[in-house]
Amino acid sequence: MNKPLRRIAIFCGLLVLALLIRGNWLQYVQADALQKNEHNRRIAIGRYEQPRGDIIVDGKPITGSKQTSGSDFDYKRTYKDGPMWAPVTGYASQAFGANHLEFIEDGILTGNDDRLFFRNTLDMLTGKKKEGGNVVTTLNADAQKAAYNGLKQRGGKGSVVALEPSTGKILALASFPSYDPSEIAGNSNADAEAWKKFQKSENPDDPMQNRALREVYPPGSTFKVLTAAAALEEGLYKSADEETDTPLPWIMPGTTTPLENDGDLPCENATLREALRVSCNTVFGKIGAQLGNDKMLEYAKKFGFTEEHFTPTRSSASVFSDDMNESQTALSSIGQFNTATTPLQMAMVTAAIANNGTLMKPYMVDELQAPSVDTIEKTDPEELSKPMSAENAQILQSMMETVVSEGTGSKAKIDGVTVGGKTGTAQHGVDNSENPYAWFISYAKGEDGSSPVAVAVIIEDDKAVRGDISGGGLAAPIAKSVMEAVVKGKQ
């Protein structure tokens, strides 16, 4: 072979080798990245070429699919009671992607999960069309309905989280105002207009915000149960009925400023039980200052603060600072200063107390099912921490039960059921200029001493008369209805 032909042959051989390398690089090394690329329209088309599997509550689907026309997408998502379930399901949209369970469990719902490979291969050989699997949730439909309707009737903004303390199962996860994911499930002009209408830039109420998991608020006096837990665990007090050495007024350390109570309350040297019943700032502020920033932070972390939680939907981390002086620590220990929390976090605090001091990891997916409804994966309850002993948890339970039976939480009473709770009215805005947030945390206890449900409720109401805003007045009735829904379901 002469030299020019040999050079051409070598050059052509190198081109073929380059093509082989590039092809293998794309097929094997970059395959996953290309498959997940948001601009890969083939993936979106494949996602909607068959009905999605369903998200299940109490054995019934709260989602569906319907055929579409005039598009290269064959099916689009539908939702039953969409606004009520949106914080759980999220949305699956031909135009805007997906979030929450629709995004996290997309592989199961579309049938593309690797765990369905054998079944998909068998279906391909038999000519059967690919199907999506199901996501079975831990949610309780009656509790969710009570939570959402309670928020809707109340008006304003707010959210509710209910947990099963012994397992960490999420029983209710409601946020208001909300939106209907069905309105943005397609890719039409109407879907685009609905998407625009739901954005915070167009709608200050921000209906797509998952307030139960993503919004952080000052917890106000509900945080006092955590401060009480720290006081009992550190041995500052041995019982609920031991008097505290708390002067009135109590001057915050390093200042000449007294920590004020909300009115003329019997807080001087009050017992822990009485201090929680009437919500004494002085008692719990002084406890926080005595224990100090490091100890209070330690107990806040034991209850779940400072960490994001995955349910599997991500929840924002709650805040308790690590660089506060005694006076700031005192304010943080009554749920003010810069302490901030999600409703999920306060439900976790309540659930740990109700579960005799053991905090379970919160979760909302009970199992994943193949299209044949065979179980692919089952969630086992998982202990996160043990922030307090069973003995001290039971002391704190007795204090919270006094709050409901004789104190500020009386609107959460349920006939024939033992209920413990704590109210909170959290100040916010520059110089506390805005309407406060109304909180209520609670649990219901069965005859055997176990607790089937713990609840956290927060209400934001910019239009309410400031003097009418209280956790006991606005949030406790909603918590009661959620607890009743769960307790009646257990009977």
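Helices (H or I, at least four residues) and strands (E, at least two) are DSSP runs, numbered from the N terminus. The structure is a predicted model, in which local features need pLDDT of at least 70 and side-chain atom pairs count only at pLDDT 80 or more, while totals for chains, interfaces and linings use all residues. Residues are numbered from 1 along each chain as its sequence is written, and side-chain values use heavy atoms, with hydrogens and water left out.

Glu-164 is located in the loop that lies between strand E8 (157–163) and strand E9 (170–176). The residue is buried, its relative accessible area being 11% (buried means under 20%, with a 1.4 Å probe and protein chains only). A polar contact of 2.6 Å links the side chains of Glu-164 and Thr-167; such a contact is a pair of N or O atoms within 3.5 Å, and within protein one must be able to donate a hydrogen and the other to accept it, with residues adjacent in sequence counting only if both atoms are side-chain atoms. When neighbours within four places in sequence are set aside, Glu-164 is in contact (heavy atoms within 4.5 Å) with Lys-169, Leu-171, Pro-452 and Lys-490.

An open sheet of mixed pairing is formed by five strands in the order E2-E1-E7-E13-E14, where two strands pair if DSSP finds at least two bridges between them. Strand E2 (60–61) and strand E14 (375–378) each have a single partner strand and stand at the edges, so one side of each lacks a neighbour in the sheet. Strand E13 (residues 365–369) runs antiparallel to E14 and is joined to it by three bridges; Leu-368 has Glu-377 in E14 as its bridge partner.

Methods
Buried means under 20% relative accessible area, exposed over 50%, partly exposed in between (1.4 Å probe, protein chains only).
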